[in-house]
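Hi everyone, thanks for coming.

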Amino acid sequence: MTEETKAAAVGALTDEDFAVVGKNLEQMESISRPILTFWQEVWRRIRKNKVAYFSLLLLTLYALLAIFAPMLSRYGFDDQDAYAMRQGLSATHWLGTDSLGRDLWVRVWMGARVSLSIGLTAALINSVIGTVIGGFCGYYGGKLDMLIMRLIDVIYGIPSLIVCILVMIVLGSGVKSLIVAMVITGWAGSCRFTRGEVLRLKEQEFVLAARVMGEPVFSIIVRELIPNIMGLLITNLAMAIPGAIFQEAFLSYIGLGIAPPQASWGVLAKEGTKMLKIAPHMLYVPAFFICTTVLALNQLGNGLRDAFDPRLRGME
Amino acid sequence: MRKYILKRIGISLLTVFVLATVVFFLARLMPGGPFSDPKISATARENLAHYYGFDKPLIEQYFTYLGNLLHGNFGYSTKYPGQTVNALLASSFPYSADLGLRALCFAISFGLVFGVMSALNRGNGIDLFFVIVAVIGTSVPDFIMGAILQHFFGYKWGLLPIAQYKDITYTILPSVGLGFYTMASVSRIMRASMLEVVQQDYIKTARAKGVSNFRITWKHQIRNAIMPVITILGPIVASVLTGTFVIESVFAIPGMGKYYVESVQNNDYSMILGMTVFYGAFLVFCNMIVDILYGLIDPRIRISK
């Protein structure tokens with residue numbers, strides 16, 4: 001724009017153009033966008049993240065199939081059929097059959113019940129125990145905290161699989177012993193994490209304010225501190241489930257987890273590796289479900305982390 | 001520094017002691033003693049218990065056991081007379097150590113290279129390829145990975161031997177199968193860390209000074225980005241070594257893991273416990289070395305811990 005045109009443009013404006021419109025206090029204070037709570041905001045961000053949203057849908061689908069597919073199928077999970085052994089994928093047996101002629105579609109979803117519920121329960125119990133102990137340790141500090149932290153150092157030092165194997169040998173195989181075994185070693189991680197977060201948060205003003213107002217310690221931890229780290233806790237939970245699923249698969253593979261004819265994804269994969277040369281689908285079918293579930297959980301975890309704290313977006 | 005090392009050694013010794021104690025008392029809790037077979041007569045059972053020292057008071061047994069451990073005696077099989085954990089370890093440990101080292105070398109070197117290449121090509125096809133490899137790699141359990149490799153490279157295409165452990169061609173598939181998960185996680189961490197470092201001020205300073213791109217990548221970016229990978233070396237070593245359990249059974253390698261799994265399947269409790277103590281102590285030792293190395297490399301760790 002040259003000097004002349006600028007001057008012309010300014011010249012075109014008269015004093016009337018600058019009249020005071022007046023201010024409408026109500027309009028100024030009104031909020032033009034819909035008010036979203038924290039959780040609505042998180043949900044909105046998840047919805048926008050295609051990968052995370054798709055993962056969530058896939059996991060929901062798996063969960064629904066795990067509940068309903070075995071009920072709706074005409075085969076039982078341990079019905080053997082000597083005339084239909086090791087068949088590939090077909091219309092009668094959607095995912096084929098195993099070496100005893102059992103229908104893999106039903107067995108996969110029966111296995112999903114076991115694998116998913118172990119993963120979810122173990123991760124959930126771990127984070128509840130870890131959060132409570134970690135919260136109190138972080139808040140109070142002192143000798144007990146020191147003691148528990150040394151205990152956690154020791155638990156961390158021993159590889160969790162070894163502890164799991166020992167516990168499984170003592171308790172025998174089964175879903176309950178698997179969960180117990182995973183909880184014994186698993187709580188340490190979330191405890192250490194929560195303690196660190198509480199240590200970081202407890203010096204902040206809102207905690208001071210709560211203390212000044214005479215809020216009891218229990219309520220400070222439960223109502224002030226834990227909601228503030230809830231996002232990270234949920235993210236960690238999503239990230240911890242794959243570990244539990246892997247662990248179950250590993251233990252079942254070495255013969256300590258779930259005992260056949262009960263099915264779990266680990267058991268199915270184990271049976272599959274034995275028949276790899278003759279009936280490769282027996283490995284690939286459970287492998288597909290283990291991998292997609294873990295993949296979806298990891299992606300959902302990433303999505304959750306970004307949704308709870310957009311500042312972290314793009315970090316990995 | 002000395003204080004830090006002493007503290008690490010102290011915690012490790014405590015861990016091994018706790019592990020040994022837990023193992024001992026768990027062994028006494030186990031359902032069914034070693035001689036509960038109804039075919040064994042009462043006198044024979046007594047004699048056996050006397051022979052193995054099970055008739056002594058628990059405390060005395062415990063101290064004998066600790067003494068044996070201090071002398072490096074890890075126990076014996078109550079199922080197969082004459083077989084000791086030490087003899088088994090002597091024959092099988094070299095295989096596991098060899099396999100573990102190969103897998104670690106594969107995982108760390110390929111993981112770093114993939115991570116760096118991915119970060120340097122951020123946003124284009126090469127990056128996408130490596131990211132997908134990493135995402136898939138972290139969602140496949142290692143025994144499934146091993147079996148899949150076996151199926152394709154060994155059986156379908158006949159490129160590499162399917163099982164056993166003889167010369168170098170035999171070692172490729174098990175090492176890759178064992179190291180793949182770790183390789184994928186190293187590559188993810190390296191990529192993230194590279195992308196974070198590139199935004200730092202010292203990279204800008206180096207660019208402003210006119211340092212060449214190659215030099216910036218090598219001397220500034222990679223060197224700084226490698227720290228987070230070193231932090232997870234401890235867990236990596238642990239996961240690779242526990243992974244040998246299944247990989248050795250998949251590929252029929254006569255290593256520790258295979259015998260461990262066999263003892264589990266044979267219910268040979270005394271054998272399992274002896275091997276567990278050895279295995280646990282070995283892993284604790286590895287972790288300790290990694291922690292001390294980390295303290296040497298990064299002075300901040302010594303202070304904060």
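Let's start with a pair in chain A: A:Asp306 and A:Arg305 are both buried. Their side chains also meet in a salt bridge, at 3.9 Å from N to O. Before I go on, please keep in mind that this is a predicted model.

A:Glu41, A:Arg44 and A:Arg45 are joined into one network by salt bridges that share partners. And how many salt bridges are there over all chains? The count comes to 9.

Now to a residue I'd like you to find on the screen, A:Glu271. Which side chains does A:Glu271 meet in a salt bridge? One is A:Arg102, at 3.7 Å from N to O.

Is A:Glu271 buried or exposed? Its relative accessible area is 15%, and the cut-off for buried is under 20%, so A:Glu271 counts as buried. A:Arg102 is buried as well, with 6% relative accessibility.

The other partner is A:Arg107, and here the salt bridge is 3.9 Å from N to O. A:Arg107 lies in helix H5 of chain A and A:Glu271 in helix H11, so this pair links parts that are 164 residues apart in sequence. A:Arg107 is buried too, with a relative accessible area of 0%.

Okay, on to where the chains meet. Chain A and chain B bury about 3,600 Å² between them, and 79% of that is on carbon and sulfur atoms. Which elements of chain A give two or more residues to the side that touches chain B? They are helices H6 (142-157), H7 (160-171), H10 (217-253), H11 (265-274) and H12 (281-308). H12(A) gives the most, with 10 residues. If you sort that side of chain A by class, you get 26 nonpolar, 6 polar and 5 charged residues.

In total, 37 residues of chain A and 46 residues of chain B take part in the contact. What about salt bridges between chain A and chain B? The count there is 0. For polar contacts across the interface, the rule finds 1 residue pair, with both residues at pLDDT 80 or more.

Let's finish over in chain B, with helix H13, residues 269-297. How far apart should its ends be? At 1.5 Å a residue, its 29 residues should span 42 Å, and the end C-alpha atoms are 42 Å apart, so the two agree. H13(B) is mostly covered, with 21 of its 29 residues buried.

With 15% relative accessibility, B:Arg8 counts as buried. Which residues is B:Arg8 in contact with, leaving aside its neighbours within four places in sequence? Those are B:Met288, B:Asp291 and B:Ile292.

Technical notes
Residues numbered from 1 in each chain as written. Chains lettered and ligands numbered in written order. Predicted model: local features only at pLDDT ≥ 70, side-chain atom pairs only at ≥ 80, totals over all residues. Heavy atoms only, no water. Helix = DSSP H or I, 4+ residues; strand = E, 2+ residues; numbered from the N terminus. Expected span 1.5 Å × (residues − 1). Buried < 20%, exposed > 50% of the residue type's maximum accessible area, 1.4 Å probe, protein only. Contact = heavy atoms within 4.5 Å. Buried area = accessible area lost by both parts, 1.4 Å probe. Salt bridge = Lys/Arg side-chain N within 4 Å of Asp/Glu carboxyl O. Polar contact = N/O pair within 3.5 Å; in protein donor to acceptor, adjacent residues only side chain to side chain. Nonpolar A, V, L, I, M, F, W, Y, C, P; charged D, E, K, R; others polar.
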